[in-house]
Amino acid sequence: MSDAIPVNRIKGVGEKTAALFGRINVFTVEDLIGHYPRDYETYDAPVSIREVSAGSVQAIYGQITAIPNVKKVRNLSILNAVLTDDNGDSIQLTFFNMPFLKKVLKPGGFYLFRGLVQQRGTHKIMEQPRMFTWEEYQKKSGRLLPRYALTKGLTNQMVQKSVAQALEYYPPEKEYLPQSVLQKIPMLSHREAVNSLHFPENREELLAARNRIVFEEFFSFLLVLRKNKDLAAKTENHFPMYETADTVRFLEQLPFPLTKAQKKVWGELREDMGSPYAMNRLIQGDVGSGKTILAVLALLMCAANGYQGAMMAPTEVLAVQHFETISGYVEKYGIAFRPVLLTGSMTAKEKREAYAKIASGEANLIIGTHALIQEKVEYSSLALVVTDEQHRFGVRQRETLAAKGKEPHVLVMSATPIPRTLGLLMYGDLDISILDELPPGRKPVKTRCITGKKRADLYGFLDREIDSGRQVYIVCPAIEDAGGSGLNAVKSYYEDIAKAYLPDRRVGLMHGKLKPKEKAEVMDDFKSGRLDALVSTTVIEVGVDVPNATVMVIENAERYGLSALHQLRGRVGRGAAESWCFLVSDNASESVQKRLKFLCSTSDGFAVAQYDLETRGPGDFFGSRQHGLPTLQIADLMNDTRTLHAAQSEAVALLAEDPLLERPEHALLARQVEQMFDKAGTMN
Ligand code: ADP
Ligand code: MG
């Protein structure tokens, strides 16, 4: 950015204004030109005074009929005038600190005023209106005038003027979209689009300008992501792995055959790990689609080839579960894992022992939480890293884990069904495998909304399920009793409701504040059938797998987003038996009921996520997990999906032609992508 022109080079922008611009992160002319309007103001035709409505900005035209008089109130000078139109209706105009207007406004003269209409008792007034001649106003009317994000001291007019100057003397780069794209998709040039975005002549022009800028935002964004990917794809495969008898034998011994979708993905993983380049792949599959076994197979192939693999999970409960599942396989099938568990809650001594095994290579499979990426952990031959429930981690954490090895294979798994468009952006740097098939015999979980009044019936149902050998989950929101908040705090719920309704049953309690050892014990009791019911907070939301559990009750269901509810529901329906999910809520508001009913109507995770996104916005998907991704200024993921798809196919086509953007005609584009990449890299 050595050629950046500071904003104070613009005529009329002195030190003071430049400092104000600095407060809204505008330092250079380029920044200023990229400071797109927030919205636009229109100058509509004047209305008759009879029609003015309080609270809106309107224009009126008429004759000054009362001689203005100036009043002094403390150090404020107030000027009141009366304007009367053709119909004979009048309105009072009030001006503050503009005593000179007394000389300007001639009684009997015609004027046009535009300002905010306000109600004062029984009549309306217009405060501090701007004055125009009829001709001046005609020129503005029908135009869209930009309104910018401001800061105290910086007026909209100052920004408008500065932008106009900047566009005239320092117009933006001519064109950085490749000609090939512009020929295929007719669009304004970059320069035209920027001009029109700031000062559109009319709505059509604004729309065309917006389309063009949205396209280029997506386009550069995707190239930035592809750039990541290409860097990764260029990574040599330092750990070529080939299938040994181990995975084949293991698969033969497993009590179930892989589904067709699992087989396909397993083929993709094997191919990746034996290819000239390191694997960089996302497995996306709805809850219960059987992702774990694929990670286990990849890790087994890694171990059988003499390397180390690591698997990171977002919660301790899940890490422990994976560790136990895999230890179980080792015992039962004699496979070549020497697994070790590493979590934050282990004692210092336990950790030291684990570190030693990891550093010496004695352990060839390391399973744990964020503890895996702590500085102290040194791996001996890390060749494959797996992150489970990737949507719970940031991009950076995934990278930190990978950086523990020397460019290892990377496999990430996510159950959150991200709508395709969002997936493109979030995981654009990864190859994607989709598990679009559930293991055979799964029936959709029957989902019902009920109110608290039905609780006794509900518990009757739970009791009968337990009678037939099944287990049930009951999820409640909070830990501490929130004193009359109407929430079912998990502890008192456990004592006063669950145990009271199920007096003869073995009911367990699980929440985040339990000591890790206790958590593990409770989970273990539930898994092995020593508990009939588990009252829990959402710590069991992700990944927990107890196929014998058939009922999920979610109290205060209105508190959760649909995607979270869908995840919770995914804890049941993991075996062949009929399963149920009850959403308990006394919240009768229409939007809540609509949301919950929607979940009752579908078991398709993608539909759920789409609905969530539409009604609650993309914040849940992006939010704080957006780290490391470039920002989009005006492009809107929800409403600009068509443009996103167009940009995507063009980006792919371009990279097929010129993967490193080395051709001279792509120089401007390459620079643009470079800058965006740098900016994204420094965010966090
Ligand atoms: P998720 O994709 O949600 O992580 P899991 O890997 O936990 O799902 O698998 C869910 C359940 O399905 C587990 O009990 C697992 O053993 C079982 N499972 C996985 N694959 C198959 C299959 N091909 N046939 C039958 N059951 C399977
Ligand atoms: Mg899982």
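**Aromatic rings and helix packing**

Modeller: This is a predicted model. Phe-239 is buried, with a relative accessible area of 11%.
Colleague: How many aromatic pairs are there by the distance rule?
Modeller: The count comes to 18 aromatic pairs. One of them joins Phe-132 and Tyr-137, with 5.4 Å from centre to centre and 70° between the planes, an edge-to-face arrangement.
Colleague: Are Phe-132 and Tyr-137 buried or exposed?
Modeller: Both Phe-132 and Tyr-137 are buried.
Colleague: Back to Phe-239: why is its pair with Tyr-307 classed as it is?
Modeller: The ring centres of Phe-239 and Tyr-307 are 5.2 Å apart and the planes stand at 80°, so the pair is edge-to-face. Phe-239 belongs to the loop between helix H8 (203-233) and helix H9 (245-253), and Tyr-307 to the loop between helix H11 (292-304) and strand E9 (308-312), so the pair ties together parts 68 residues apart in sequence.
Colleague: Which residues form one aromatic cluster with Tyr-43?
Modeller: Phe-132 and Tyr-137 form one aromatic cluster with Tyr-43.
Colleague: And which charged end sits over the ring of Tyr-43?
Modeller: That of Arg-114, 3.9 Å from the ring centre. Lys-140 also lies over the face of Tyr-43, at 5.6 Å from the ring centre.
Colleague: Changing topic, at what angle do helix H16 and helix H17 pack?
Modeller: Helix H16 (residues 455-467) and helix H17 (residues 490-501) pack at about 60°, with their axes 9 Å apart. Arg-455, Ala-456 and Tyr-459 of H16 make the contact with Tyr-493, Ile-497, Ala-498 and Tyr-501 of H17.
Colleague: How do the residues of that contact divide?
Modeller: Six are nonpolar, none polar and one charged.

Technical notes. Residues are numbered from 1 along each chain as its sequence is written. Chains are lettered from A and ligands numbered from 1 in the order in which they are written. This is a predicted model: local features need pLDDT of at least 70, side-chain atom pairs count only at pLDDT 80 or more; totals for chains, interfaces and linings use all residues. Side-chain values use heavy atoms; hydrogens and water are left out. Rings of Phe, Tyr and Trp (its six-membered ring) pair if their centres lie within 6.5 Å; planes under 30 degrees apart count as stacked, over 60 as edge-to-face and the rest as tilted. Buried means under 20% relative accessible area, exposed over 50%, partly exposed in between (1.4 Å probe, protein chains only). Helices (H or I, at least four residues) and strands (E, at least two) are DSSP runs, numbered from the N terminus. A charge sits over a ring if NZ of Lys or CZ of Arg is within 6 Å of the ring centre and within 35 degrees of the ring normal. Axes are lines fitted to C-alpha atoms, for helices over the stretch in contact, and angles run from 0 to 180 degrees between N-to-C directions. Contact means heavy atoms within 4.5 Å. Ala, Val, Leu, Ile, Met, Phe, Trp, Tyr, Cys and Pro count as nonpolar, Asp, Glu, Lys and Arg as charged, and the others, Gly among them, as polar.
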